[in-house]
Amino acid sequence: MGKAKLEKAIQDKARVNEKLFVPYMLAGDGGLDRLEETIYFLQNCGAAAIEVGIPFSDPVADGPIIQEAGIRALKHGTTLATVIDKLATFKDRRSIPIVIMTYLNPILAYGIDRFAKDCLQAGVDGVIIPDIPMEEEGIIASSLQEQNIAFIRLAAMTSSEERLIELAKRSEGFLYAVAVKGTTGERETHDTKVHDYLKLLKKNSSIPVLAGFGVSNAEQAQQLSKACDGVIVGSKIVQLLHEGKLKDIQQLINGSIQSNGQKVR
């Protein structure tokens with residue numbers, strides 16, 4: 001469970017030369033009762049892990065698609081506590097690692113130590129907190145470490161090389177490389193400097209580097225994966241789940257994962 005499970009799952013896929021694909025879903029979009037079946041679906045599509053987003057009233061890192069999904073989820077009464085409770089009900093029936101993405105305020109309201117302990121009990125393997133800077137992360141890092149929950153750091157293209165190297169050294173599970181300058185959402189192209197940025201992180205990281213933000217099709221995923229270990233796709237997955245286009249999700253994941261140069265699954 002926890003950090004060890006996440007790292008083993010990722011390493012197992014990397015060992016067979018697969019590029020990693022981590023889909024993001026917004027818990028409670030369409031109702032929390034859909035969480036379990038959606039996780040099973042994404043697991044069966046070949047995901048390496050699943051990032052489960054918690055709806056929040058002020059999602060500063062998210063673009064319009066995830067913001068709208070968050071509003072729908074909040075209307076269903078979804079909270080950090082209800083998501084953790086729901087994940088706990090089927091923790092023994094799922095095999096894929098689960099990573100929670102939440103902002104800091106809900107954790108503070110929940111209680112940091114209680115949050116870490118309940119994550120472990122719910123079978124959560126990693127946590128991403130996009131609005132906590134490296135200088136302030138001490139308020140939660142030790143609690144997550146005590147429960148063996150991976151603390152996944154985000155690296156930004158706008159950071160200095162020194163800071164990027166430090167983030168690469170600190171991250172657990174995988175390093176989340178933000179591949180755009182801005183919020184989540186679809187992009188037609190990525191900055192021409194993104195490959196150099198990803199290669200720098202890859203050079204200084206002992207764990208896989210995954211590129212996220214702005215990845216919306218298999219071609220982009222393949223291009224970014226040339227410089228790192230795989231991708232995280234959020235807005236496109238959230239949109240397709242909302243529209244019920246499950247076949248399109250399967251095609252996106254299949255087209256993004258490569259094994260020895262061939263598509264898998």
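Modeller: This is a predicted model. I start with strand β8, residues 209-212, where V209 and A211 point one way and L210 and G212 the other way, and all are buried.

Biologist: What makes β8 and β9 a pair?

Modeller: The threshold of at least two bridges applies here too. β8 and strand β9, residues 230-233, have 3 bridges, again parallel, and therefore count as paired. The bridge partner of A211 in β9 is V231. Between β8 and β9 the chain passes through helix α10, residues 218-225, and this β-α-β crossover is right-handed.

Biologist: Why is that crossover called right-handed?

Modeller: The term applies if, with the strands pointing away from the viewer, the path from the first strand over the helix to the second runs clockwise. The path from β8 over α10 to β9 is classed as right-handed, so by that definition it runs clockwise in this view.

Biologist: Now the whole chain. How many helices and strands does it have?

Modeller: The chain has 12 helices and 11 strands.

Biologist: Which residues touch the most other members of the largest nonpolar core?

Modeller: That core has 94 residues, and L35, I39, L87, F115 and Y197 touch the most other members. Strand β1, residues 20-26, gives the largest share, 6 residues. Leaving out residues up to four places away in sequence, L35 touches M25, A27, V52, V83, K86, L87 and F90.

Biologist: How do you know that S235 is buried?

Modeller: Buried means under 20% relative accessible area. S235 is at 5%, so it counts as buried. S235 is in helix α11, residues 235-243, where I237, V238, L240 and L241 are buried as well. The buried residues of α11 pack against β1, α2, α3, β9 and α12. S235 and I65 are 170 residues apart along the chain, yet their C-alpha atoms are separated by 5.9 Å. Just after α11, G244 has a positive phi of about 75°.

Biologist: Why is N148 called exposed while F213 is called buried?

Modeller: Exposed means over 50% and buried under 20%. N148 has 52% relative accessibility and therefore counts as exposed. F213 has a relative accessible area of 10%, so it is buried. N148 is placed in the loop between α7 and β5, and F213 in the loop between β8 and α10. Neither label concerns the backbone: phi of N148 is near 60°, a positive value in a residue other than glycine, and F213 has a positive phi of about 80° although it is not a glycine.

Biologist: What makes T78 buried, given its place in a loop?

Modeller: The label rests on accessible area, with the limit at under 20%. T78, in the loop between α3 and α4, is at 4% and so counts as buried. Apart from neighbours within four places in sequence, T78 is in contact with A27, G28, L32, P55, A73 and V83.

Biologist: And how do you know that A179 is buried?

Modeller: A179 is found in the loop between β7 and α9. Its relative accessibility is 1%, under the 20% limit, so A179 is buried.

Definitions and conventions: Residues are numbered from 1 along each chain as its sequence is written. This is a predicted model: local features need pLDDT of at least 70, side-chain atom pairs count only at pLDDT 80 or more; totals for chains, interfaces and linings use all residues. Side-chain values use heavy atoms; hydrogens and water are left out. Buried means under 20% relative accessible area, exposed over 50%, partly exposed in between (1.4 Å probe, protein chains only). Helices (H or I, at least four residues) and strands (E, at least two) are DSSP runs, numbered from the N terminus. A nonpolar core is a set of buried Ala, Val, Leu, Ile, Met, Phe, Trp, Tyr and Cys residues joined through side-chain atoms within 4.5 Å. Contact means heavy atoms within 4.5 Å.
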